[in-house]
Amino acid sequence: MFDHIRSIQSRDPIMPTFMEVLLGYNGYHAACWHRFSHVLWGFKLRALARLSSNLARMITGVEIHPQAQIGKRLFIDHGTGCVIGQTAVIGDDVTLYHGVTLGGVGSDSKNASKTEKRHPTIENGVMIGAGAQILGDILIGANAKVGSNSVVVQNIPAGCTAIGIPAKIICKEGRGAGAYGMPTIEDWVI
């Protein structure tokens, strides 16, 4: 808990106090509540897990399926409207802004397995801007950035920035990005 809150404090530009995060950050509350729902899901108490996650959604405005796998220190800033789907996998130190969807795509087969991976995998250190939609069983590489309102339907390599509808990689691997996942002017690939 302390590590998670300190991580949020270090990543939020307003530098909130410990108590501000503990008492007033709905994204923090959603991530903590998810841990409980995920444990229930793991014990095959699926109805209780869904009830728990639904209560969390009503209170926090963040919807996280109890089967989703979430790493350490997830920061959902202004979390209202975020949706994290059933087979999503999120690494450590990921930042999501409000309105982000880690969504699935429909299966081509009527007989698809209920365990089929349909949602994205987000590696460590990724930042996803407000309103971005990450759709399908795709990989967003470590330390990648996705610009606000982008629609991502293909893999994004580690360290790269992608923006647009559909999202296109616009900066070279390993280069930095400015605020909210937007590249600095020096990073644009022409």
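Modeller: Happy to! Helix 3 gives the largest share of the lining of the largest cavity, 4 residues. This is a predicted model, where local features need pLDDT of at least 70, side-chain atom pairs count only at pLDDT 80 or more, and totals for chains, interfaces and linings use all residues. Residues are numbered from 1 along each chain as its sequence is written, and side-chain values use heavy atoms, leaving out hydrogens and water.

Colleague: Which residues line the largest cavity?

Modeller: Ala30, Trp33, His34, Ser37, Ser53, Ala56, Val62 and Ile64. Helix 3 and helix 4 (46–60) are the elements that give two or more residues to that lining.

Colleague: And by class, how many are nonpolar, polar or charged?

Modeller: There are 5 nonpolar, 3 polar and no charged residues.

Colleague: Switching topic: which residues of helix 1 are buried?

Modeller: In helix 1 (residues 2–11), His4, Ile5, Ser7 and Ile8 are buried (under 20% relative accessible area, with a 1.4 Å probe and protein chains only). They line one face of the helix, because they fall within an arc of 160° seen down its axis, taking directions from the axis to the C-beta atoms.

Colleague: What's exposed on the other side?

Modeller: Arg6 and Ser10, where exposed means over 50%.

Colleague: What covers the buried residues of helix 1?

Modeller: The cover includes helix 2 (18–24), helix 3 (26–42) and strand 3 (75–77), with contact meaning heavy atoms within 4.5 Å.

Terms used:
On a 1 Å grid over the protein atoms alone, a cavity is a set of points where a 1.4 Å probe fits but cannot get out, and a pocket is an open set with protein on both sides within 12 Å along at least five of seven lines; lining residues have an atom within 4 Å of a point. Ala, Val, Leu, Ile, Met, Phe, Trp, Tyr, Cys and Pro count as nonpolar, Asp, Glu, Lys and Arg as charged, and the others, Gly among them, as polar.
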